[in-house]
Amino acid sequence: MKYTNYKGNPIEVSFLGMGAMRLPAAKDDKADVEKSIELIRHAIDKGITYVDTAYNYHQGESESIVGKALKDGYREKVILATKLPIWMCRTEEDMERIFGEQLQHLEVECIDNYLIHNIIPYNWKKFNKLGAAAFLDDKKAKGLIKYAGFSFHGNLELFKEVIDAYPWDFCQIQLNYIDADEQAGLEGLKYAKDKGIDVIIMEPLKGGKLTDNVPKAIAEMWESAPAKRTPAQWAFNWLAGQEGILCVLSGMSNIEQLDQNIETFSDDNFGELTAEEMELYAKAANEYNSLIKYQCTGCKYCMPCAAKIDIPSVIDYTNSWYAYGKNDGTYMEYTRWIDKHGSDCIECGECETKCPQSLPIKAIMKDAEEQFGI
């Protein structure tokens, strides 16, 4: 696997990073603590040196689980990253309180990479209103964090504004072959690189959209290529072929998935793509974008819903309805397997202020109601 020296840190960054957003789940949808610890330690044993979590991942459990996993000498083997949920802060005291809780959750005295979480227009206003730049400066000066960064889900114009507003050490953007021209995109990747800012990639598989239930037309495209790769391998290879990426995060939820990804990232020819293969990516992206009506990654930042709707599930079923031929199975699952539906939306709009993809969620709920009749 490729490793990169990160600002003189004695621990080099592995090109594949461990994302702790989608840890193994127990029956109650909470994280399976024992399996999660086993998974994180297995990742580190296999050579992964970057572990990324956040205050609100896995219903607030992720940081504590990562903290437990990094005991017994594992902390010294990794660069640890977590994030401040700026949208949850109303005062400077809130930032201080949450940061203190994070140190307790992780059971550490210093966090290597500390990010302002989910920069979109609303959260960027919060950043400036609360004086979060001074907050980051203070934590760096006191040795409580080593490097300051941000994760991003806005548009390119905002990305450039944020990059230029503070001496960031790194940033984290969503990027995959479908989103090359979305959000920060490839142009944002180059902009950060030219400014000397390291870039971490998230959502390389678009929340599983590029690997789960691959449409027939796209599966046939991959099968037609001389190189035989899984959908995940195609997605990862595209990223490996881009310049300026420090690390690619993958939210792996089981050891089999983890080992497959490590094998992919350790291939001698990883990221070496022909012109014909690059054309194939463009065709696949066009096909996907024609099928997927609403570009939701299932991050759940829109939750909780005041009407108790599982918003990502409603969007996912609606996308499936369009992408897979309005099939009976999708209709059955939507009407029977979830308690609340598009028709239950009260149009408060709170979800839309939180959505990293800036989706028109109220309109999507109406669309779901029209398509499924409920």
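Predicted model: local features only at pLDDT ≥ 70, side-chain atom pairs only at ≥ 80, totals over all residues.
Let's start with the whole chain. The protein chain has 15 helices and 10 strands. Its radius of gyration is 20 Å, close to the 21 Å that the globule rule gives for 374 residues, so the chain is as compact as a globular protein of that length. Along the principal axes, the C-alpha atoms fill a box of roughly 60 × 50 × 45 Å. Of the 374 residues, 53% are buried.

Now turn to the aromatic side chains. A search of the whole structure finds 26 aromatic pairs. One of them brings together Tyr 6 and Tyr 147: the ring centres are 4.8 Å apart and the planes meet at 70°, so this pair counts as edge-to-face. The two partners belong to distant parts of the chain, 141 residues apart, with Tyr 6 in the loop between strand 1 (3-4) and strand 2 (13-14) and Tyr 147 in strand 7 (residues 145-152). Tyr 6 has a relative accessible area of 1% and is buried; Tyr 147, with 12%, is buried as well.

Another pair to look at is Tyr 331 with Phe 372. Here the centres lie 6.3 Å apart and the planes are at 35°, so the pair is tilted. Tyr 331 counts as partly exposed at 37% relative accessibility, whereas Phe 372 counts as buried at 3%.

Aromatic residues also gather in a group. Trp 124, Phe 127, Phe 150, Phe 152, Phe 159, Tyr 166 and Trp 168 form one aromatic cluster. Elsewhere, lysines are placed over rings: Lys 2 lies over the face of Phe 15, at 5.0 Å from the ring centre, and the charged end of Lys 77 sits 4.8 Å from the centre of the Tyr 74 ring, over that ring.

At 25% relative accessibility, Lys 160 counts as partly exposed. Its C-alpha is 9.9 Å from that of Glu 187, a residue 27 positions away in sequence.

What about the spaces inside the model? The search finds three cavities of 30 Å³ or more. About 140 Å³ of space lies in the largest cavity. The largest cavity is lined by 18 residues, and the closest to its centre are Cys 305, Ala 306, Ile 311, Cys 348 and Cys 351. Helix 14 (350-354) and helix 15 are the elements that give two or more residues to this lining. By class, the lining has 13 nonpolar, one polar and four charged residues.

The second largest cavity holds about 70 Å³ of space. Among its 14 lining residues, the closest to the centre are Cys 296, Cys 299, Cys 302, Cys 355 and Leu 359. Helix 12 (residues 311-323) gives the largest share of this lining, three residues. The classes here are 10 nonpolar, three polar and one charged.

Among the open spaces, the second largest pocket contains about 240 Å³. It is lined by 16 residues, of which Glu 182, Gln 183, Gln 295, Gln 357 and Ser 358 are the closest to its centre. This lining divides into four nonpolar, nine polar and three charged residues.

Gln 183 leads us on to the backbone. Most residues other than glycine have a negative phi, and most peptide bonds are trans. Gln 183 has a positive phi of about 50° although it is not a glycine. This residue is found in the loop between strand 8 (170-174) and helix 7 (185-194), and with a relative accessible area of 14% Gln 183 is buried. Lys 7, also not a glycine, has a positive phi of about 55°. Lys 7 is found in the loop between strand 1 and strand 2 and counts as partly exposed, at 37% relative accessibility.

Finally, look at the bond between Met 303 and Pro 304: this peptide bond is cis, with omega about 0°. Pro 304 lies in the loop between helix 11 (275-291) and helix 12.

Notes
Residues numbered from 1 in each chain as written. Heavy atoms only, no water. 1 Å grid on protein atoms, 1.4 Å probe; cavity = no way out; pocket = protein on both sides within 12 Å on 5 of 7 lines; lining within 4 Å. Points joined across faces, edges and corners; volume = space filled by probe spheres on them. Nonpolar A, V, L, I, M, F, W, Y, C, P; charged D, E, K, R; others polar. Phe/Tyr/Trp six-rings, centres within 6.5 Å; stacked < 30°, edge-to-face > 60°. Helix = DSSP H or I, 4+ residues; strand = E, 2+ residues; numbered from the N terminus. Buried < 20%, exposed > 50% of the residue type's maximum accessible area, 1.4 Å probe, protein only. Lys NZ or Arg CZ within 6 Å of the ring centre and 35° of its normal. Rg over C-alpha atoms; globule rule 2.2 N^0.38 Å.
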